[in-house]
Amino acid sequence: MRYDETQRVWQVLDHETVSAVLADPATYSSELSTLAPTQSDFETFTQGNFVGMDPPEHRKLRTLVSQAFTPRVVQGLEPRIEAVCARLLDAVADRDRFDLVDALAYPLPIIVIAELLGIPAEEHRLFQEWASVLFGGDQLGDAPDMADLERALEAIAPTVRQMNGYMLEHIRARRAAPGDDLTSRLIAAEVDGVRLRDQEMVGFVALLLVAGHITTTALLGNAIVTFDAHPGTDAALRSDPARIPAAVEEVLRWLPPFPELGRRVTRPVVLGGHEIPADTMLMAHLGAANRDPARFTAPDVFDVTRSPNPHLTFGHGIHFCFGAPLARLEARIALHMLHERFRMLVIPSREDVVHQNPAVLIGVRHLPVEVGRP
């Protein structure tokens, strides 16, 4: 437990306490509107974003979404993920060097999720622009304060407005003419006779489309960067592909795309010997918890054979990331296919790798690689 003087927030760092904070939404609320800067476009846009909700509202929306986004739906996507991955790699079949983010890590998850939602996948460049504005952090320093956040919200408000209009139009079109897609199933889903309103669906569909793909994009890029930084890792995975799922989990532990989760303390509590008053912002530091020596043996060693691996990258408790199975599936398929297509894949110059702003997202924007074929 420590107090960050720059950001003026308490940070919880150990695995046990981070898990306890995330598992207790009554004491540590995800509803941060009273502590964070607000902006009218965001307030409209996030009505259905249950990441920032507490029970019972959270239960209603999560249950509705769970009816449409089932494990069976995710598993059924495997052939399509393989086909999209193959097509994207076919496009660079004649090149010895290319940007892995542009060629694969970005378009793969956005095409898959867009098709799942019934949104035209060919518009993925527009979605990429949205994601780069929302997660680029270009208006923020490494340790943003509230004034920085307010400026950032104003700067990205036009993008949020554009997304809101686009999503509403898509949802209304599907309501008028339902199809065989996740948006249509969300429209039809109900809990206790209640269905999602159009504006509630906007927040959820946007959450899936934008936040849902950026995690896989970061995961794939982080995997290649980490494998390259640890000689012998790539060769070990090639010789034993069954290790890839464990390697994906270790990349998630090592470099969580979103390393902190904010929570609002609802009543006075004592944590780590410190008295924390109500309405205090608390940051659950997943990155630190993932390297807690009390929970992980040799936590600062990247080990693709690590088992068990109880990392907290996808969260814990009621807000555990419901998109985690899809991200894992996409990463496993992509890494398998990269190994099948290329006998060698290296980063020729780490100086050419462009990273995201770590205050917003742990990942890479550009990842030039060099490949060799069988």
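I began with α7 and found P107, L108, P109, I110, I111, V112, I113, A114, L116 and L117 buried (under 20% relative accessible area, with exposed over 50% and partly exposed in between; 1.4 Å probe, protein chains only). The model is predicted: local features need pLDDT of at least 70, side-chain atom pairs count only at pLDDT 80 or more, and totals for chains, interfaces and linings use all residues. Residues are numbered from 1 along each chain as its sequence is written, and side-chain values use heavy atoms, with hydrogens and water left out.

**Entry 1**

I took helices (H or I, at least four residues) and strands (E, at least two) as DSSP runs, numbered from the N terminus. Just after α7, I noted a positive phi of about 80° at G118.

Next I looked up the packing against α11, residues 198-229. The angle is about 155°, and the axes lie 8 Å apart. Axes are lines fitted to C-alpha atoms, for helices over the stretch in contact, and angles run from 0 to 180 degrees between N-to-C directions. α7 and α11 are therefore roughly antiparallel to each other (over 145 degrees; under 35 is roughly parallel, 65 to 115 roughly perpendicular, the rest oblique). The crossing of the two helices is right-handed, meaning that the near helix is turned clockwise from the far one by less than a right angle.

Which residues of α7 meet α11? I listed L108, P109, I110, I113, A114 and L117. On the α11 side they meet V205, L208, L209, H213, T216, T217 and L220. Contact means heavy atoms within 4.5 Å.

**Entry 2**

I traced an open, antiparallel sheet in the order β4-β12-β9. Strands pair if DSSP finds at least two bridges between them. β4 (97-99) and β9 (344-346) are the edge strands; each has a single partner, so one side of each is left without a neighbour in the sheet. Neighbouring strands are turned by 30° against each other on average, direction ignored. β4 joins β12 (residues 368-372) through 3 bridges. R97 has E370 in β12 as its bridge partner.

**Entry 3: the sheet of 5 strands**

The order is β1-β2-β8-β5-β3, open, with mixed pairing. At the edges stand β1 (2-4) and β3 (28-29), each with a single partner strand, so one side of each lacks a neighbour in the sheet.

I then followed β8 (residues 281-285), which pairs antiparallel with β5 (residues 260-265) over 5 bridges. R264 is partnered with M281, and G262 stands opposite M283. β2 and β8 run parallel, joined by 3 bridges. There, Q11 has M283 as its bridge partner.

Is β8 covered or open? 5 of its 5 residues are buried. M281, M283 and H285 point one way, while L282 and A284 point the other way. Last, I checked helix α1 (residues 15-22): it lies across β2 (9-12), β3, β5 and β8, at about 125° to β8.
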